[in-house]
Amino acid sequence: MRIDSDFEKFHGGPTLASRDRLHVTIGKKGLLYLNNNTHRLLGRPQAVYLHFNRAKEIIAVQPASPRMPEAFPVREKREGFSIHATPFFRHFGICIDRTERFIRPDINEEGALLLELKYMAIATRSPRKRRK
């Protein structure tokens, strides 16, 4: 059988183990969540600066000193790290109504984490149906 135009190529790729991938979610309460690998590759910062490119709809997360007043603290959780960024989202009018994950988080050559708002997917699962 030939692979012709009736076939669709899957562009998603395989699922990587959590320890090997960059995993970042954004919640409706203005919470950014980073997995351990993302935090490690970002340089294990205690605080970060948040930047926003309105034209490209990209959030940049840059390591910062926790002593700087405009730096957001990075808090350790059981299985990752969180950044409470509600003032940032409110200021830029970024509205999130459910938990979503960034599909293509990337760390650039300057060491900043880049998060594109146009490449997000729903991260929460729908409730399971009860068996009768």
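Mentor: Happy to, and we'll take the sheet, then the aromatic rings, then a couple of single residues. Keep in mind that this is a predicted model.

Trainee: Great. How many strands form the open sheet, and in what order?

Mentor: There are 5 strands in the open sheet, and the order is E5-E3-E4-E10-E9. Their pairing is antiparallel.

Trainee: Which ones are the edge strands?

Mentor: Strand E5 (72–73) and strand E9 (106–107), each of which pairs on one side only.

Trainee: Staying with E5, how many bridges does it have with E3?

Mentor: E5 and strand E3, which covers residues 47–53, are paired over 2 bridges in the antiparallel sense. If you want a spot to look at, find Ala47, which stands opposite Pro73 in E5.

Trainee: And what holds strands of a sheet together in general?

Mentor: Strands in a sheet pair through hydrogen bonds of the backbone, in a parallel or antiparallel way.

Trainee: OK, on to rings. How many aromatic pairs are there in the whole structure?

Mentor: A search turns up 4 aromatic pairs. One involves Phe52 and Phe88, with ring centres 6.4 Å apart and planes at 90°, so that pair is edge-to-face.

Trainee: Where do those two sit in the chain?

Mentor: In distant parts of it: Phe52 is in strand E3 and Phe88 is in helix H2 (residues 86–92), 36 residues apart.

Trainee: Are they buried or exposed?

Mentor: Phe52 has a relative accessibility of 19%, and the cut-off for buried is under 20%, so Phe52 counts as buried. Phe88 is buried too, with a relative accessible area of 5%.

Trainee: What other aromatic pair does Phe88 form?

Mentor: Phe88 also pairs with Phe89, edge-to-face, at 5.4 Å centre to centre and 75° between the planes. Phe89 is buried as well, at 5% relative accessibility. Ring pairs join Phe52, Phe88, Phe89 and Phe92 into a cluster.

Trainee: Last one. Why does Thr25 count as buried?

Mentor: Because its relative accessible area is 11%, and buried means under 20%. Thr25 lies in strand E1, residues 24–26.

Trainee: What does Thr25 touch, leaving out residues up to four places away in sequence?

Mentor: Its contacts include Leu31, Leu32 and Tyr33, along with Thr99, Glu100, Arg101 and Phe102. Ala123 is also among them.

Key:
Residues numbered from 1 in each chain as written. Predicted model: local features only at pLDDT ≥ 70, side-chain atom pairs only at ≥ 80, totals over all residues. Heavy atoms only, no water. Pairing = 2+ DSSP bridges. Helix = DSSP H or I, 4+ residues; strand = E, 2+ residues; numbered from the N terminus. Buried < 20%, exposed > 50% of the residue type's maximum accessible area, 1.4 Å probe, protein only. Contact = heavy atoms within 4.5 Å. Phe/Tyr/Trp six-rings, centres within 6.5 Å; stacked < 30°, edge-to-face > 60°.
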